[in-house]
Amino acid sequence: MRFSKLKLNGFKSFVDPTDLTIADGLTGVVGPNGCGKSNLLEALRWVMGETRPKAMRGGGMEDVIFAGASSRPARNFAEVSLTIDNQDRLAPAAFNDQDQLEIIRRITRDVGSAFKANGKDTRARDVQMLFADASTGAHSPSLVRQGQIAELINAKPKARRRILEEAAGISGLYQRRHEAELK
Ligand code: ATP
Ligand code: MG
């Protein structure tokens, strides 16, 4: 699975619709302090199903919505779309009927957030599983936040194990086992 496009609309500082093409190979995001580099990575994390506002540096999930600036009013919703090139047909069966897979997450104030996959309503869990199984999950260490290297070094063994399990692509299995045990 290869990410090919990322679109943001009303997400944090990206108030105007912003479309980014993700080319093959290594992508660098450069710019001055505060220009939105971390916000971009958070948008990626969020559309992949992140549930913890703290991972978005917010107190609540609605903090990802553009909060307004001196010259512009706040927005009522935020939307992020991630297009995945699925020509290799590696997406799980439920998502695997097209060359491209577009996942959209939208959050509306006082309503909450919802996901769509190629235009169809989709459960958050299915989106999270899609990425967990692709071992690029929302909590995956393949998305390394600022300060996370230090956290990894200082982590207690159990926390470190979870990070390594995610890196190994078995966190989806772990989550399914946990759900089975609860039943
Ligand atoms: P650095 O190089 O310092 O790490 P950065 O490029 O990673 O900077 P970000 O942290 O992505 O920058 O962007 C911070 C900017 O995003 C700040 O100006 C902040 O006010 C703005 N911002 C964050 N959340 C929102 C929001 N909900 N609404 C509007 N602006 C926001
Ligand atoms: Mg940053």
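Predicted model: local features only at pLDDT ≥ 70, side-chain atom pairs only at ≥ 80, totals over all residues.

Me: What makes Val29 and Gly31 contacts of lysine 37, not counting residues up to four places away in sequence?

Reply: Two residues are in contact if their C-beta atoms, placed from the backbone, lie within 7 Å. Lysine 37, which is found in helix α1, touches Val29 and Gly31 by that criterion.

Me: Why is lysine 37 called partly exposed?

Reply: Lysine 37 has 15 other C-beta atoms within 10 Å. A residue is buried at 20 or more and exposed at 12 or fewer, so lysine 37 is partly exposed.

Me: Where is glycine 36, and what is in contact with glycine 36 beyond its neighbours within four places in sequence?

Reply: Glycine 36 lies in the loop between β2 (18–21) and α1 (37–47). Its contacts of this kind are Ser13 and Phe14. With 18 other C-beta atoms within 10 Å, glycine 36 is partly exposed, because burial requires 20 or more.

Me: How do you know whether isoleucine 65 is buried or exposed?

Reply: The count for isoleucine 65 is 21 other C-beta atoms within 10 Å. The threshold for burial is 20 or more, and therefore isoleucine 65 is buried. Isoleucine 65 sits in the loop between α1 and β3 (77–85). Its contacts, leaving aside neighbours within four places in sequence, include Gly10, Phe77 and Ile107.

Me: Which residues are the closest to ligand 1?

Reply: Of the 14 residues around ligand 1, the closest are Asn33, Lys37, Ser38, Asn39 and Ala67. UniProt, in an unreviewed entry, places a "binding site" feature at positions including Asn33, Lys37, Ser38 and Asn39.

Technical notes
Residues numbered from 1 in each chain as written. Chains lettered and ligands numbered in written order. UniProt positions renumbered as here; feature names shortened; annotations may be inferred. Helix = DSSP H or I, 4+ residues; strand = E, 2+ residues; numbered from the N terminus. Near = placed C-beta within 6 Å.
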